[in-house]
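I opened the notebook for this chain today.

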Amino acid sequence: MGLTYPDVSPIMFEIGPLAIRWYSMAYLAGILAGWWWAIRAVKKYDLRMTVQNVEDLVFYVTVGIIAGGRLGYVVFYGEGMFRENWLEIFAIWKGGMSFHGGVIGVAAAVYLFSRKVRVPFLRVMDLVVLPAPIGLFLGRLANFVNDELWGRVTDVPWAVRFPNGGYLPRHPSQLYEAFFEGIVMFVVLNLLWRLPKVRESSGVVSGMFVLLYGVFRISMEQFREPDAQLGFLFGSFTMGQLLSAPLIVVGAVVVVWCLGRKKSL
């Protein structure tokens with residue numbers, strides 16, 4: 001049982017010794033899409049930012065994604081694998097990025113940027129998270145192409161037999177996450193952004209992004225195979241679920257606080 005995994009190479013194309021991978025292109029395409037969306041938003045709405053500010057913001061966010069995502073993976077999922085050769089921490093081309101670490105890195109980068117341009121932190125964060133689901137969608141599709149982060153063994157008709165998963169029929173959990181963390185989140189956040197009250201209450205969209213991601217990630221982890229080096233924690237929980245639970249609380253608090261304050265930032 002199970003659908004045959006499509007024979008797709010993780011390498012998109014090669015230029016001499018340089019191999020361009022789908023995963024790398026997913027990050028690049030997500031950043032470029034965010035860049036375009038942010039410039040469009042700045043021109044359409046009064047966000048007290050210029051196109052040059054957006055270009056600087058893209059640089060800050062890119063550094064935050066890479067540095068935070070990689071360090072987060074080392075801390076949350078490394079499980080001592082880098083002790084023998086700590087230089088492997090910098091080998092990001094070999095894979096290993098953490099969304100939760102990336103969120104911390106981006107938040108830190110946005111804070112520094114907002115201080116530099118003197119624009120409220122939450123207003124900038126709203127600008128960053130609105131196109132973020134595009135990158136999440138492309139990243140999960142790249143996970144599928146890379147034959148990684150597949151789901152648990154199942155007998156559902158759409159199960160896929162991943163080569164790295166032992167050719168057992170498994171949930172294509174990467175596609176589940178691509179749909180909910182990418183498409184659904186993008187639609188919900190951008191519909192909220194159209195509401196003047198939400199757009200003027202800086203931070204509501206950011207809070208909803210964090211809240212929704214926490215809900216979707218915890219739900220999708222029910223279908224995803226736990227990381228081999230960690231397995232289940234505290235019985236039947238995964239690291240992804242444990243890291244996502246606080247996001248729901250933080251996101252809810254931010255949304256309520258931003259909607260309730262008398263003056264928007």
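In which sense do strand S4 (residues 160-161) and S5 pair, and over how many bridges? I looked this up and found the antiparallel sense, over 2 bridges. Val-160 has Arg-170 in S5 as its bridge partner.

Ground rules next. I am working from a predicted model, where local features need pLDDT of at least 70, side-chain atom pairs count only at pLDDT 80 or more, and totals for chains, interfaces and linings use all residues. Residues are numbered from 1 along each chain as its sequence is written, and side-chain values use heavy atoms, with hydrogens and water left out.

**Sheet.** I traced an open sheet of 3 strands, in the order S1-S4-S5, with mixed pairing. Strands (E, at least two residues) and helices (H or I, at least four) are DSSP runs numbered from the N terminus. Two strands pair if DSSP finds at least two bridges between them. Strand S1 (3-4) and strand S5 (169-170) stand at the edges with a single partner strand each, so one side of each has no neighbour in the sheet.

Buried means under 20% relative accessible area, exposed over 50%, partly exposed in between (1.4 Å probe, protein chains only).

I checked Val-124 separately. Leaving out residues up to four places away in sequence, Val-124 touches Met-49, Leu-57, Val-110, Phe-113, Ser-114 and Val-119. Contact here means heavy atoms within 4.5 Å.

**Backbone.** Which residues did I note for a positive phi? Asp-147 has phi near 60 degrees, and Leu-149 has phi near 55 degrees. Most residues other than glycine have a negative phi. Asp-147 is in the loop between helix H5 (132-145) and S4, and Leu-149 lies in the loop between H5 and S4. Are they buried or partly exposed? Asp-147 counts as buried because its relative accessibility is 7%. Leu-149 is at 29%, so it counts as partly exposed.

**Surface.** My last stop was Val-8, in the loop between S1 and S2. Val-8 counts as partly exposed, because its relative accessibility is 35%.
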